[in-house]
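Morning, everyone. I have one structure for today, and I will go through it piece by piece. Please look at it on the screen before I start.

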Amino acid sequence: MTTADVSSGAPARAGWRQWAGLAVMCLPTMLTTVDITVMFLALPHVSADLGASGVEQLWISDVYGFMIAGFLVTMGTLGDRIGRRRVLLAGAAVFVAASLLAAWSTSTAMLIGARALLGVAGATVAPSVLALIRDMFPDPRQMGTAMGVWGSSIMAGVILGPVVGGLLLGAFPWGSIFLMAVPVMGLLLLTAPFLVPESRDPGAGRLDWVSVLLSLGAVLPLVYGLKELARNGWALPPVAAILLGAVCAPVFVRRQRALADPLLDLRLFGVRALSGTMSLSLMFAFVMGGTGLVATLFLQLVQGLTPFDVALWMVVPALTMIVVGNAAGAAARAVRPAYLIAGGAVLAAAGMVVLTRVDAVGGLPVLIAGLVMVYAGGSPITVLSPLLVMTSAPPERAGSAGSLQSTGSEFGTALGVAVLGLAATAVYRAHVTVPAGLPAGTAATARESLSGAVLTAQQVPGRAGAELLASARDAFTGGLHVTALIAAVVFLGLAAVALAGLRHVPPTGAAQAAGPQEADAHPAGGPAGTGPEKTGRVETGPTETGPAGTGGPGPARASEGSGGVSVR
């Protein structure tokens, strides 16, 4: 950053060191996404080597995501208190150790434990990186670009996970997929102390461990229960888990309201731009989680593609999201974000309508075309929502705001998988036709799910098996059509919410230099702990010019609550 920016009163501009630091931080972001998707390809190899049962396989694949979702709020708030770079580097070190443990696991219990530890470490990445990006790029235009690069790294992880995983598994033992973390996190550990400045809330209080336990008790059972409902339908364990989460959630909320320095400052939701963007992120994750599940099953079980083939086909819409998303970030400098998000949501709704025309036979081109429209239309929310959330929250709560953004996406995805997955299953069960004469147990398996019907059809010789398979595929395609229609309606609702809740937000290029935020940004006097004595300054760290770049009392940090972009 340059002193010229400080003397002119404009937000300080980032230099090469900040951009290099961003590149280093995008690598672990990409890695945490890769670790979610790559396990699906490795699971058959792991099961054959370690003898994992069906239940153990589910925990091996799911526990990583569960722990990330559960610990995001804690890690975001911990970064605000002790330092975001410090939390990020601690998470990186634990990630390396857990990856080595997973790579050389000799039992399923050892692997499940290592994956759980990976999830806890992975939860440090998103909230810490988002908060650090905000501090490193106070200039609105540069921050928008930086957020777009960070969002692209997430999508790159989605693309590279199955591709890299397939290549590694074809040449090396399954443990190699975990060893990818060693050079990536090692680079972060070596370079971040020189490229990334430390930042924290210097006046933060102690971490409330009761709140930590309550947040885990609310998030983990809810996510687990929703995923289990989508996978196995109504059963006592997932319903009990959801009830447990529903009990812990209000207790958590009451405790946060009573604490002087809460784990999660609920008054952040009083910031209009933040609460509106959170609603949009949750709705978008709901749609993409549910339709992603149904579309993936369609590609594998109806079109007969392997998981690796599915990953290659999904590169097309994923690349579309990266390109269009970054274009939307640039357009937001001149166009209000609400209009970009609403216009994209309408395009995505049209893409969902295209998915209703997919046929069980030869429907692959139509499906990919519809998904390209959906991903293109959804790209503005993926790029702009982190920017709007981070710049509408006070600096001292940046970690908490980043955790809210990520937790909302995790919860929305789980909810979408459960609700839309159950909707597709209900349509399938209502329309599948099982040939007469099959044993009762075999017929029940075929009616239960498409995967059950595929397995049954392989065991039924002749015409009956072919008829069962054709009926099951047609029935599941009908489920895809219904979920696409539901998603289209949700996207139209998302457009309406964007126009109603974010229409007041100016283009990011029109944002003023940092200054006092308006009253509605901090309802009821501002979040707990804000005030003239708490500016959320960045601690001294390696930057190009010193005090201005490190959060000293220059124009970019002069007043409390300043965030570079005014988006109340």
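Is Trp59 buried, partly exposed or exposed? Trp59 is partly exposed, at a relative accessible area of 35%. Keep in mind that this is a predicted model, so everything I say is computed from its atoms.

Phe66 is a separate case: this residue is buried, with a relative accessible area of 5%. For Trp59 and Phe66, the ring centres are 5.9 Å apart and the planes stand at 75°, so the pair counts as edge-to-face, the cut-off for that class being over 60 degrees.

Phe66 also pairs with Tyr224. Here the ring centres are 5.9 Å apart and the planes are at 80°, so this pair is edge-to-face too. Where do the two partners sit? Phe66 is in helix 3, residues 54-82, and Tyr224 is in helix 10, residues 209-232, so the pair ties together parts that are 158 residues apart in sequence. Tyr224 has a relative accessibility of 22% and counts as partly exposed, because the limit for buried is under 20%. Taken together, Trp59, Phe66 and Tyr224 form a cluster linked by ring pairs. The count of aromatic pairs comes to six.

Now the overall picture. The protein has 19 helices and zero strands. Of its 568 residues, 58% are buried. The accessible surface comes to about 21000 Å², and carbon and sulfur atoms account for 69% of that surface. As for contacts, take those between residues at least 6 apart in sequence: 83% of them join residues at least 24 apart.

How big is the second largest pocket? Its volume is about 460 Å³. The lining of this pocket has 17 residues, and the closest to the centre are Val219, Leu264, Phe269, Leu404 and Thr407. Which helices supply at least two residues each to that lining? They are helix 10, helix 11 (236-258), helix 12 (272-302) and helix 16 (398-431). By residue type, the lining of the second largest pocket divides into 14 nonpolar, three polar and no charged.

Val34 counts as buried, at 7% relative accessibility. What does Val34 contact once its neighbours within four places in sequence are left aside? The contacts are Gly157, Gly161 and Met180. For Gly157, the C-alpha atom is separated from that of Val34 by 4.9 Å, although the two residues are 123 residues apart along the chain.

The other is Ser128, placed in helix 6, residues 125-136. Is Ser128 buried or exposed? Ser128 is buried, with a relative accessible area of 1%. Not counting residues up to four places away in sequence, Ser128 touches Arg84, Val87 and Leu88.

Technical notes
Residues numbered from 1 in each chain as written. Predicted model: local features only at pLDDT ≥ 70, side-chain atom pairs only at ≥ 80, totals over all residues. Heavy atoms only, no water. Phe/Tyr/Trp six-rings, centres within 6.5 Å; stacked < 30°, edge-to-face > 60°. Buried < 20%, exposed > 50% of the residue type's maximum accessible area, 1.4 Å probe, protein only. Helix = DSSP H or I, 4+ residues; strand = E, 2+ residues; numbered from the N terminus. Contact = heavy atoms within 4.5 Å. Areas by Shrake-Rupley, 256 points an atom, 1.4 Å probe, with all protein chains shown as cover. 1 Å grid on protein atoms, 1.4 Å probe; cavity = no way out; pocket = protein on both sides within 12 Å on 5 of 7 lines; lining within 4 Å. Points joined across faces, edges and corners; volume = space filled by probe spheres on them. Nonpolar A, V, L, I, M, F, W, Y, C, P; charged D, E, K, R; others polar.
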